Amino acid sequence: MTATKKDPVLVILQLTGANDYLNTVIPYTDPHYRDNRPKVHIPEDQMLRIDDKLAFRPNMEPLKAIYDDGKMAVIHGIGFENSPRSHFRAMDIWHTCEPEIVGTEGWVAKMTRDLDPTGENVVKTVNFGQGLPRALALRGTPVTSVSNLENYGVLSSVPGVTAEEERDQLLERFARMYAPAVGTGPTMDYLGQTGRDALKGADIIKSAPEKYSSTIEYADNPIAKSLRDVARVYLADLGTQVFYTAHGPFDTHFNQPPMHTKLWTEVSGAISDFFADLKEHDAGDNLIMMLFTEFGRRVKDNGTGTDHGAGGVAFVIGDKVKGGMYGTYPSLKPEDLSQGDLAPNYDFRGFYSSVIDQWMGLDPVPIVGGKFEEMAFV
Amino acid sequence: MPHQEDIALMAHLMRRAGFGAHREELEARVAKGYEATVEELLHPEEQPAIDEDILYRFFPGYEGALGPPINQAEWVYRMINTSRPLEEKMALFWHQLFATGNSKVDNPPELTQQIAMFREHGLGSFRDLLVELAKSPAMIYWLDNNGNHADAINENWGRELMELFALGVGNYSEDDIKEASRAFTGWTIAPKIPRNPLGRFYWNFEYKPEDHDDGEKHFLGHTGNFNGEDIIDILVDQPASPKFLSRHLYNFFVADEPQVPAWDITPPGDPAAIEMLVNAYVESNYDIRSMLRVLFNSDFFKNARFARVKSPAELVVGTARMAGNYNAPRPGFNMLAMECNWQGQELLNPPSVESWHTGPEWIDGGALVRRVNYAANLMGNIDLPGIKSVIARIKAQGNLPPADLVAACLDAIGPLDVSEATHGELLAQAQDGGELRWDTEEDQTKSEQRIGILLSLISASRDYQFA
């Protein structure tokens, strides 16, 4: 593979709700697995064996193919000490790298600031979803958050405004209403800047769908739609270096098997289509995708599902990824568990640092708040 | 015809003490008088309550829900339709101050119960409210007091009670936290019924004398065999307590203050205002109603128009009330609740016990686009009853030159003050269509549409982001 001169691009896929590590990368020969999962386990004849210890769950065939191709890294035992069992708190920690205090500055936003210190390109980082995850929040660092690419923008669906020029005129008025004005105070200034950035982002991004064409037919589910949107904006070459999106809910307390199956069918299919799309456009060599979740689930099942746990699994996918297993699967022995959960043995900030340092070419220390052990998967 | 300034002041009061009011209501209230309206707001028990039977018919799941959306929708319905605006606004105030989240509690009905408790006690004695809070099952679980035992204390509740709910940092020692925690041992919840597969169940407060540490405690200079209520009695008599509460009331009702963690280093924006509220607290024995009476009748309040960034709940509910399409049970409340979430305020699920950051911190690129589009889409929909009534009011003024049209729009949905830049654009938009005319049927259709677009543009402005 030839080295690329293009800027590195990162896609972050958040598996919201805490994905069940044990039933995603299954330690199928470990007797503790079956003992702890009398009801919520993957039958051995269905799992996709990786080696004599581990297997992927069924419905991960498309990802298994990528793994077999050497383009997917599996990062074991990821998490942090004293992992809270609260989704929100744990997600917050993943978003801000602040396990001790409630942080307000997101790591992705800090990375964005380092990539574009003047905030010149407001689509340097693009989120697809409703609302802005805290990972992308940082005062003064614009990021663009798109809920629907077809219909994205300020004043995009004002009733009674149908003609293009009428809408353009409203947008011009909006821009002037949000123009800098002397002596109106910091909050007005901040609102003005935020409004102008949003307008600019919408303006840039609306060109993406027009430029795109592909033979890949993505499935009809939210993650497939989101990753297709990522592909369209990425292929439009707007200078975006970070994409963020989420899928879920992975919070499988109840009736886990069909839910988990559906989720991984959707995620695996969407990722596989996404990379096929990039390949079709010969644009896969400067992009990697990372998948994370707030924590894994309890080792012992609850009869129909699994409750909140601690240690989890993360993935990195892409042409430039050195595929394989990284880190160690935490022990399932009762004496090694932490309150019934897998004890994390790899700090997620090391995982971030590896990506920030080795892929994005930035200094990870100020972004994740310290020096953490990196892994060499890119 | 009521004086314009009286209407503007009443609109201000209703935006702050409630979720805004449309013109007919403002005029009725002005006729009644400002102080009389304040008194009416302060006594919600004299106004009819929401009809719970109708509510339950439309939100039948809220008592056993597994996830929060239906409970959020139930609350949004109340905010829009209440005849007791201040009761509901205070419930929101206490929810933002005593932030308890479904992320951990995982029992939306129990959080709805806590909000009901805020409605019941939110205007009474601060002391009684803290006791109710200490007994709130959702709070006990949220801050682990069910894990606070005589032989092994858990400090979570004891710490946050002082740091975040009653005093603020710097007004107690680590030892005080330990002693307070000892006093609250045995304050727990009755055994929970397993929630699956039938949904969630209400929990109950339970005091277990056998798990209570009855020994002597030294707390904030007092010594005794204190129990939880004794701790609260001591707390509400601390000088820090009214200062802390007053600053929260000021930040919520009057003008944006810096974020709470900065309070021990940044003085209040208006120390004299805080002092007035503190005096009201002391003179009335911690009576919140008395503090609010002073607040709403003060000059500092009356002069603080548009000095706060609307919270998502205020923006979503205020706009829906104005557009007037949600004044009966009907589908769609879930979407309003989700809209609050997407704008950054997931009701019943604050990000942490430190709650949401308020003021300008409500705004980021994603949130602003949502705020603008949500408000512009509702306010520009000329088929909605509230907008129809705005149009009727403007139409009653006959044919209008562009400048008068802008003034009429700003007046009808406010009155709103807007900046020069905003006004200039509204005027330019109005001028494009020339005089607003009602002479022919064609004129009428066009004029209604023009008003709709102007209302959209107003609600998309920076100015509309302020309450």
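Which residues in α1(B) meet which residues in α2(B)? I took this up before anything else, keeping in mind that the model is predicted.

**Entry: α1 and α2 of chain B**

On the α1(B) side I listed Asp6(B), Ile7(B), Met10(B), Ala11(B) and Met14(B). Facing them in α2(B) I found Leu26(B), Arg29(B) and Val30(B). By class, the residues of this contact come to six nonpolar, no polar and two charged. I then looked up the geometry: the axes of α1(B) and α2(B), the latter spanning residues 23–32, come within 9 Å and cross at roughly 110°. Angles of 65 to 115 degrees count as roughly perpendicular, so I noted α1(B) and α2(B) as roughly perpendicular to each other.

**Entry: α1 and α3 of chain B**

I went on to helix α3(B), residues 34–42, and its pairing with α1(B), residues 4–17. Their axes come within 11 Å and cross at roughly 15°. That angle is under 35 degrees, and α1(B) and α3(B) are therefore roughly parallel to each other. I recorded the crossing of α1(B) and α3(B) as right-handed. Leu9(B), Met10(B), Leu13(B) and Ala17(B) of α1(B) meet Tyr34(B), Thr37(B) and Leu41(B) of α3(B). The residues of this contact divide into six nonpolar, one polar and no charged. Met10(B) is listed in the contact with α3(B) and also in the contact with α2(B).

**Entry: domains of chain B**

The domain assignment gives domain 1 as 4–42, domain 2 as 125–255 + 257–302, and domain 3 as 385–465. I looked up the spacing of two of these: the C-alpha centres of domain 2 and domain 3 of chain B lie 48 Å apart.

**Entry: Met276(B)**

I placed Met276(B) in helix α15 of chain B, residues 271–283. Leaving out residues up to four places away in sequence, Met276(B) touches Val294(B) and Ser298(B). I also checked Met276(B) against His22(B): they are 254 residues apart in sequence and 31 Å apart in space, C-alpha to C-alpha.

**Entry: chain B against chain A**

How many residues of chain B are in contact with chain A? I noted 42 residues of chain B, in contact with 43 residues of chain A. On the chain B side, α7 (102–105), α19 (333–342), α20 (365–379), α23 (420–432) and α24 (441–459) each supply at least two residues. Of the elements, α20(B) gives the most, with nine residues. The residues on this side of chain B divide into 15 nonpolar, 22 polar and five charged.

Terms used:
Residues numbered from 1 in each chain as written. Chains lettered and ligands numbered in written order. Predicted model: local features only at pLDDT ≥ 70, side-chain atom pairs only at ≥ 80, totals over all residues. Contact = placed C-beta atoms within 7 Å. Helix = DSSP H or I, 4+ residues; strand = E, 2+ residues; numbered from the N terminus. Nonpolar A, V, L, I, M, F, W, Y, C, P; charged D, E, K, R; others polar. Axes fitted to C-alpha atoms, helices over the stretch in contact; angles between N-to-C directions. Parallel < 35°, antiparallel > 145°, perpendicular 65-115°, else oblique. Left-handed = near helix turned anticlockwise from the far one by under 90°. Domains from an automatic or database assignment.
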